[in-house]
Each structure stands twice: as structure tokens, then as C-alpha cells.
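Please read them beside the sequence and the structure.

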Amino acid sequence: MILFIFGLSMLTGCRSDNQADEEQSAGIPGDAATYQLRGIVVSSDAAKGIVTIDTEAIPNLMGAMTMPYKLAQPGVATELHPGDRVTARLRVSTTASVLDQIDVTAQAKPDYKPEKFYNIPAPGQTVPNFKFLNQSGKTVTMEQFHGKALLVTFIYTRCPLPEYCIRMSRNFATIQHQLAADPELYNKTHLLSVSFDPEHDTPKVLRSYGSTYTGEHGGEAFSHWDFAAPSSSELDQVDQFFDVGVSPGSNSTLTHSLSTAIIAPNGKIFRWYPSNDWTPTAVVDDIKQAVAQ
């Protein structure tokens with residue numbers, strides 16, 4: 001039991017290092033009101049970054065009720081299970097609310113031990129030299145992009161939801177165009193869309209999918225933007241490093257969280273975005289900072 005709480009604390013407690021960024025991404029101002037929440041997990045949804053909790057009354061806020069809460073870190077949802085008793089911090093502003101600092105005080109299944117422990121990408125953290133097979137059937141590695149600012153996101157080609165993988169790919173297409181407007185910046189950057197569905201997303205599938213977003217053809221089509229997937233044997237390591245929670249859904253879909261990161265030219269995390277709230281223009285501004293540092 002102690003080991004599990006420690007593990008979950010690694011998932012949630014370490015997030016406090018990025019607290020300001022998390023709250024900004026969630027639309028929570030720094031002066032938001034803070035409350036202590038206690039309750040029992042009813043359900044969790046990693047794809048939406050939401051956990052539903054049968055909540056005890058929160059003094060000066062609300063009576064006891066069952067309701068969904070947005071998680072500051074969507075990946076935590078994969079480690080919360082129906083029946084778990086939890087405590088957490090609830091931050092509430094006039095426009096939004098977010099839940100973080102979650103501790104499991106009693107498990108629904110006392111013998112449960114999490115199968116995976118997720119890293120929280122933090123500025124300055126070195127990215128392992130992961131290898132991927134890209135849309136051209138060639139192996140690409142993280143190290144080969146050293147010297148450039150690399151923008152990486154996670155998708156799978158069968159994703160049907162417009163606010164998830166489709167939004168990520170459309171946003172990347174917009175970023176591609178914005179970077180292209182500045183040739184000097186364009187030459188110092190690269191885009192990488194990583195699929196967490198390597199069994200289905202073969203190079204042929206990734207090429208077909210990618211071409212609909214790059215809008216380019218011929219030899220230059222993927223010169224600045226790769227679509228790739230890790231091997232099945234390395235998939236878990238990649239997902240865990242970038243805090244991508246993935247589980248089987250219905251009708252051949254995958255339930256998943258979101259993760260987008262800027263990797264600086266020195267191969268270290270510059271900024272991480274755990275949601276879909278970011279805008280292409282804001283990311284391009286961050287990329288410029290990563291290139292300039």
C-alpha cells in the first residue's frame with residue numbers, strides 16, 4: 001500500500017515543479033481559491049483527462065455530490081480506479097477548475113500495484129534517444145534532431161475525435177505554415193508526430209495520413225515533418241516518458257491522454273503541454289525561445 005501511494009505521488013507530486021504551467025494550461029489563474037477534496041473514485045477517463053468522484057461536502061464550496069473533475073495531468077487517470085478513496089487539491093477560479101496533488105488513501109483492490117509509472121516531462125530533462133520508423137520506412141532517432149528545436153506530439157491515425165489527434169495534426173499543419181514563413185527559423189526546427197499504435201500505423205498508413213496534413217508531395221513532402229511510430233517493444237518506454245496514457249477503447253479505438261513537447265536543440269525538454277488547450281501561435285513563440293536559448 002505504501003509503495004503504491006509513493007508511486008502515485010511520483011505521478012502527482014512531481015507535477016508541482018510545473019505547477020504554474022499546469023495551471024496556465026488549465027486556464028487557472030494563480031490566485032484561484034484552493035480546497036481540499038475527499039471522496040471515492042467512480043470512473044476515470046484518460047482521453048478526456050477527467051475523473052468522476054463521489055465527493056464529500058467541501059466547506060464553503062459545495063455539498064456532497066458526485067461530479068467530474070478536470071485533471072491537471074491527464075495521465076493520472078490511468079492510475080485511478082473505481083472504488084479508490086482519494087484526497088486531492090481542487091483549485092477553482094471564476095472560469096475553470098482543476099484537480100491535482102491526488103493521493104490514493106485506500107485502494108479498491110488492496111493488492112493492486114500499478115503496471116506503469118509515468119514521467120512528467122520537465123524543462124531541462126534529457127530526452128532518451130528513442131527510435132522510430134517513419135512514413136518512408138526509415139529509422140529516425142531523437143539524437144538526429146539535436147541542433148534543432150523539435151516539436152513532438154502523439155497521435156494515432158484512426159482517432160475519430162476532432163478535439164484530440166485531429167486537432168493536434170491540424171495545429172501542427174498551422175505551425176508548419178507559420179514556421180515556413182520565416183526561412184531562418186524553419187531551418188532550425190522540425191516537427192514529429194508519433195503514433196502510439198505501431199501495429200496499425202505502418203509507414204504506408206502514416207504516409208497516407210501525413211500527406212493529408214502536410215499538403216506537400218514529392219521529395220520535400222516530409223522534409224520538415226515526420227510521422228513515425230516506435231517499435232512495439234519500445235512503445236511503453238516512449239509513452240511513459242512523455243506521460244501518454246493509452247488503453248483499448250471500443251470499435252478499435254484507443255482511449256488516450258495528450259502530450260506535446262518542445263525539445264530544445266540540446267536534446268532537453270524546453271516546454272511540455274499536457275492538454276489540447278495550446279494554440280499554434282503560442283507554441284511558435286515558445287519554439288522561437290527554444291531556438292534562441
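1. Buried, as used below, means under 20% relative accessible area, exposed means over 50%, and partly exposed is in between (1.4 Å probe, protein chains only). This is a predicted model, in which local features need pLDDT of at least 70 and side-chain atom pairs count only at pLDDT 80 or more, while totals for chains, interfaces and linings use all residues. Residues are numbered from 1 along each chain as its sequence is written, and side-chain values use heavy atoms, with hydrogens and water left out.

2. Cysteines. A disulfide is taken as a pair of cysteine sulfur atoms within 2.5 Å, and the count by this rule is 0. Cys 159 and Cys 165 do not qualify because the sulfur of Cys 159 is 3.3 Å from its closest cysteine sulfur, in Cys 165, which is too far for a bond. Cys 159 is buried at 9% relative accessible area, and Cys 165 is buried at 0%.

3. A nonpolar core is a set of buried Ala, Val, Leu, Ile, Met, Phe, Trp, Tyr and Cys residues joined through side-chain atoms within 4.5 Å. The largest one has 58 residues, of which Phe 132, Met 142, Ile 175 and Phe 242 touch the most other members. Helix H3 (residues 165-180) gives this core its largest share, 7 residues; helices (H or I, at least four residues) and strands (E, at least two) are DSSP runs, numbered from the N terminus. Apart from this core lies another, of 19 residues, including Tyr 35, Val 41, Val 51 and Leu 80.

4. Ile 175. Contact means heavy atoms within 4.5 Å. Leaving out residues up to four places away in sequence, Ile 175 touches Leu 151, Leu 191, Trp 278, Pro 280, Val 283, Val 284 and Ile 287.

5. Gly 39. This residue lies in strand S1 (residues 33-45) and is buried, with a relative accessible area of 7%. Gly 39 and Asp 54 are 15 residues apart in sequence, yet their C-alpha atoms are 5.3 Å apart. Beyond four places in sequence, the contacts of Gly 39 include Ile 53, Asp 54, Asp 84 and Arg 85.

6. Cavities. On a 1 Å grid over the protein atoms alone, a cavity is a set of points where a 1.4 Å probe fits but cannot get out; lining residues have an atom within 4 Å of a point. The structure holds 4 cavities of 30 Å³ or more, a volume being the space filled by probe spheres set on the points.

Terms used. On a 1 Å grid over the protein atoms alone, a cavity is a set of points where a 1.4 Å probe fits but cannot get out, and a pocket is an open set with protein on both sides within 12 Å along at least five of seven lines; lining residues have an atom within 4 Å of a point.
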